[in-house]
Protein chains: 2
Amino acid sequence: MGDEPGSSGVGGDNAPSSDPKHVISVDAMGGDQGPAVVVKGLARAAQVSPELRFILHGPEAELAPLVAKRKLAGITTIRDAQGVVSMEDKPSYVMRHGKNTSMWSAINSVRARDAGVCVSCGNTGALMAVSMVRLRKLPGVNRPAIAVLWPSSSKQGFNVMLDVGADIRADESDLMQYALMGVSYARNGLGIKRPRVGLLNVGTEEHKGRAELKVAQDLITAQANEANFDYVGFVEGGQIPSNDVDVIVTDGFTGNIALKTGEGTASFISSALRDAFRHTPLSRLAALMAYTSLNRLKKRIDPRRVNGGVFLGLNGTVVKSHGSADATSVAAAIGLAHQLSSSGFTERVAARVAAAGGFADAEDLADKGSTP
Amino acid sequence: MGDEPGSSGVGGDNAPSSDPKHVISVDAMGGDQGPAVVVKGLARAAQVSPELRFILHGPEAELAPLVAKRKLAGITTIRDAQGVVSMEDKPSYVMRHGKNTSMWSAINSVRARDAGVCVSCGNTGALMAVSMVRLRKLPGVNRPAIAVLWPSSSKQGFNVMLDVGADIRADESDLMQYALMGVSYARNGLGIKRPRVGLLNVGTEEHKGRAELKVAQDLITAQANEANFDYVGFVEGGQIPSNDVDVIVTDGFTGNIALKTGEGTASFISSALRDAFRHTPLSRLAALMAYTSLNRLKKRIDPRRVNGGVFLGLNGTVVKSHGSADATSVAAAIGLAHQLSSSGFTERVAARVAAAGGFADAEDLADKGSTP
C-alpha cells in the first residue's frame, strides 16, 4: 500500500492520508501526567521517524493548542472525545458506558483500519476490556495476552515475557498460543530470527511443576520447527533476565506477580543504593563521582526505555504505556508500536496461530523465516 | 527444662547433655562448599551464643579433625553417617534409600527430641521429603510450607514470605494455615508482636484474582483477632519488599517463582552495576571511592544474612540453608534456628493451627500476645 491520497488513511482535514502502518492511534488522556506529556512524546517520536502520522483522541479544545505548540498539526488528526477513563474505573463499567471516551475512540481507529496500532497510557483493565469488545480475538485464539520486554543480559538487551496479566488463567493450549505470539513479537519487535522459548516453572527438571505445564511443554515442542523457534525447556524465575532464553511463557497470574516482584525488587535496590550513598560526607562525594556510572546503569534498567506492554491475540495491536509515563516513555511506546505496525505484526501473529490450529490455507501467510 | 545431666540431651561421650532447645542438629554434608565450611560456621555461631550445642552428622573420620581444628569438640557430638544426599538425587529415591545419609540422621535427632531444630545445606526437595516422612505433619496441617525472610523497608529489615516451594498447590484453608504459621514465624523469628499479613494477588482490589483467594481472604480475616495479627488485604508483587506488610502469603508455585525472580533481578542489577563502574578509568576510580557505600548496600541486601528457608507445619523445625552457603551463611542459619528453637516455635505453631482447627484444648498453648 502506498501513500497515495484516497487510501483508507487518516480522515482529518489537516493531515495527509497515509499508509495505516505508519499511522498510530493515540489515546491522549488517562495517563497520570496529562495530555501535554503525551503530545511531547509524539513530537520526540516524529523526530526519529518522520514518516509517522498520528490520530490523537481526546477533548479537541484541550489538544489542539498542544498539537500546535509542538508543530504536529501537519501530521496529526484530532478526534474529539470528551470522556476520559480514569485509573479507578472498573473495566465492566467502561465496557458499558465508555463509548464517548478517548480510549474507546482510540481503539476504534484501529478497528476501522485507519491506524495500524493503538497506544494508551490509561487503565490496563479497561483498555483490555475495550480492546476485546471492539477488536475481538483473532480466529483460534482463546485468551489474549499482555507481553512485556524485560531488561536482560541477552544480546538484544531484553527478553519477552507473557502473559503478565491479561487473564489469570491459562491452560496448556493457551500457553502454546502464548509461545507462538511471543515468538512473533520477539521476531518483529526485537529482530530475533529464531527465538529461544522457555516455560516458567518452579524447577528445570522434567518432573517439576503443575500437570498442565508438562502437557504445554509437549504442545510447544511440536510447534518449534514449523514456527521456527527453539524450545529450551522449563525456566525458573531467576532466568527471566538471563541470556538462556528470549521468550518466557507463563499464565497471567504468575506473570503479573513475577513482573511486579521484579519491578519492586529493582526499586527497593535503587532506594537502598541512594541510602547507602547518602550515609556519610565521603559517600556523598563518591556518589557525585559515580554519577555517570550510575546513570549508565539507570539507562540500562530504565523501565521507560521499554515502556510498552503489548496486547497480543486481537485483531489489531494495542500498546499499553505506563500510567506514569513521561515524554520519553511515550516516545518509546510509539517507537515500539510503529515497529510492530510497519512489520505487519498483527497479520503475522494471526497467520501463525491459524497455522497451529490446523487452518492449512493460512500457513503461507505465516512469518516463518521472514525477516522483521 | 533445665541443664541437669540425665535429661534427654546429647548422647555423645565428649559433649555435655543440654536442654534440647539449645541443641542444633546439623547436616555437615550436601552443601556445595563441603563440611569444612559448615564446621567453620558452627564455630562462628558458638562465639555469638556460647550456650549452643551441636549434633553433627556425616562421616566421622572426615568430621572429627574439622571439629578438633575449630575447638568445638567440647560442645559437639558427631553422629557417623556415611551416605551423602547429592543435589541431583530425586526426593523419592532419598526417601526409599536414604537411611544411611547425614541428612536422614540429622532429621532423626529432631525426631528423637535430642535437638530442637535441624539445619542442612542440602537438596531442598530431598530435605522436605525426609522431613515429611520422619517428622510428620502437625495435627491439622494439610500442607507444610517453606518460609523465607525477604529484605524489605520494614523496621525489622525483612518480611516473611511463604510458601516458596514446599508444595505447588494450596487451597483456601492451606493459605489460612500459612498465614497462621507465617505470623508465628514473624513473631518468634523477627520479634514482631502483631504482624501485618497480606495475601499475594494480581491487584489490591477486592474483585481481583482467583476464586480461592477471595475465600482465603475471609478465612484469614476470621483468624486475625484470635491469632493477634492484622490482615491488610491483597498485596501485589511490588509490595513484597515494602513496609506495607510483614507476612506475605501465597501458594508454593507463585511464591517460588516470585522468590527466584527477586533473586534474579537483584543479581542482574548487581552485575549491571559492576559493568557500569568498569566502563571508564574515571568510573573505576569512582567505584573505588564508592566502595564503602556499595558494601553497605551489599550488606543490606546480602542473601547470606538471611540465609534460612524454614520448613513450617511439621513436628519439628527444619532450617534449609543455601547449597552454596559459606561460613557466614551457615552461622546465620544456625542463629535463626537457635532463635526459633529457644522460643518454643514448633509448639507455638502447633497450638495455633490446632486452635484454628477448633481443638479448643490446644488454645491455651497458643502464642497469642506472648513475647518472643
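A: A residue counts as buried if 20 or more other C-beta atoms, placed from the backbone, lie within 10 Å of its own, as exposed if 12 or fewer do, and as partly exposed in between. B:Asp251 has 28 other C-beta atoms within 10 Å and is therefore buried. This is a predicted model, in which local features need pLDDT of at least 70 and side-chain atom pairs count only at pLDDT 80 or more, while totals for chains, interfaces and linings use all residues. Residues are numbered from 1 along each chain as its sequence is written, with chains lettered from A and ligands numbered from 1 in the order in which they are written.

B:Asp251 sits in the loop that links strand E9 (247-249) to helix H8 of chain B; helices (H or I, at least four residues) and strands (E, at least two) are DSSP runs numbered from the N terminus. Apart from neighbours within four places in sequence, B:Asp251 is in contact (C-beta atoms, placed from the backbone, within 7 Å) with B:Asp163, B:Arg169 and B:Ala170. Between B:Asp251 and B:Gly262, eleven residues apart in sequence, the C-alpha to C-alpha separation is 16 Å.

Strand E9 belongs to an open sheet of eleven strands in chain B, with mixed pairing and the order E3-E2-E1-E4-E11-E10-E5-E6-E9-E7-E8; strands pair if DSSP finds at least two bridges between them. At the edges are strand E3 (76-80) and strand E8 (230-235) of chain B, each pairing on one side only. Neighbouring strands of this sheet are turned by 25° against each other on average, direction ignored. Strand E7 (residues 196-200) of chain B runs parallel to E8(B), and five bridges join them. Here B:Leu199 stands opposite B:Phe234 of E8(B).

Helix H8 (residues 252-278) of chain B packs on the sheet, where it touches strand E5 (145-151), strand E6 (158-162) and E7 of chain B. The direction of H8 makes about 140° with that of E6(B); axes are lines fitted to C-alpha atoms, for helices over the stretch in contact, and angles run from 0 to 180 degrees between N-to-C directions. Helix H5 (residues 124-135) of chain B lies across strand E4 (117-120), strand E10 (309-312) and strand E11 (317-320) of chain B. Helix H5 runs at about 175° to E11(B).

Notes:
Contact = placed C-beta atoms within 7 Å.
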